[in-house]
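I opened this model to follow its strands and helices. These are my notes, in the order I looked things up.

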Amino acid sequence: MSKNTIIPEERIISKIVVLRDEKVMLDVHLAELYGVENRALKQAVRRNMDLFPNDFMFVLTDAEIETVVSQNVIPSKQHLGGAKPFAFTETGVAMLSSVLKSKRAKEMNIAIMRTFVALRKMAVNYQEIIGALEEIRSMISGHDDQINLIFEYLEQFEQAKQKELKQQNR
């Protein structure tokens, strides 16, 4: 990316939402990042609908719109201008680079793709950590009983010692 258009990864991550069990970005956010009007982005997609099957892009339902509004992904329904938003999966975002020809759009596309990859790597690392914690948990799960048994033995040993001391003091 050119030096004057650097977008922090956090800003891109904040625009990624989960809908229909997919990480997606809404057209309004992509247009903002690409520096184009949302209307122009949607128009380019509509002209090339054959490039955007349902697993690349889908139109939000009314219930999904309510969800993104309630989660403050978008400020209000009015922010959409009356049109239902498009949600682009990672592959849909990649396909956008073929219909949006500006230099900024291409640079942003690279940044967004790198962010998706980073998120996937973080998810893998997270799963590895969860797996390691589960392994540790299973290793120490029986330790409580073993520790209690040790304390019982120590108690019995202490009682035997006390008994022995009483015998000697007689």
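The notes start with the ground rules, then go from sheet to hairpin to helices.

**Ground rules.** I am reading a predicted model, in which local features need pLDDT of at least 70 and side-chain atom pairs count only at pLDDT 80 or more, while totals for chains, interfaces and linings use all residues. Residues are numbered from 1 along each chain as its sequence is written, and side-chain values use heavy atoms, with hydrogens and water left out.

**Sheet.** I looked up the strand order. Four strands form an open sheet, E1-E2-E4-E3, with antiparallel pairing. Strands (E, at least two residues) and helices (H or I, at least four) are DSSP runs, numbered from the N terminus. Two strands pair if DSSP finds at least two bridges between them. Which strands sit at the edges? E1 and E3 (57–59) do, since each pairs on one side only. From one strand to the next, the twist averages 45 degrees. For such angles, axes are lines fitted to C-alpha atoms, for helices over the stretch in contact, and angles run from 0 to 180 degrees between N-to-C directions.

I then went to E1 (residues 16–19) and E2 (residues 22–26). They run antiparallel and are joined by four bridges. Isoleucine 16 has methionine 25 of E2 as its bridge partner. Leucine 19 stands opposite glutamate 22 in E2. Two residues lie between the strands of this hairpin.

I checked phi in the loop. Most residues other than glycine have a negative phi. Arginine 20 is not a glycine, yet its phi is positive, about 55 degrees. Aspartate 21 also has a positive phi, near 60 degrees, and is a residue other than glycine. Both belong to the loop between E1 and E2.

How accessible is arginine 20? Its relative accessibility is 44%, so arginine 20 counts as partly exposed. Aspartate 21 is exposed, because its relative accessible area is 76%. The cut-offs are under 20% relative accessible area for buried, over 50% for exposed, and partly exposed in between (1.4 Å probe, protein chains only).

Contact means heavy atoms within 4.5 Å. H3 (residues 38–47) lies across E3 and E4, at about 75 degrees to E4.

**H2 against H3.** Their axes come within 8 Å and cross at roughly 110 degrees. The two helices are therefore roughly perpendicular, a label for angles of 65 to 115 degrees; under 35 is roughly parallel, over 145 roughly antiparallel, and the rest oblique. From H2 come Asp27, Val28, Leu30, Ala31 and Tyr34, and from H3 come Asn38, Leu41 and Lys42. By class, the contact has five nonpolar, one polar and two charged residues. Ala, Val, Leu, Ile, Met, Phe, Trp, Tyr, Cys and Pro count as nonpolar, Asp, Glu, Lys and Arg as charged, and the others, Gly among them, as polar.

**Cover on H2.** Is H2 mostly covered or mostly open? H2 is mostly covered, with seven of its eight residues buried. Among them are Val28, His29 and Leu33. After H2 comes glycine 35, with a positive phi near 75 degrees.
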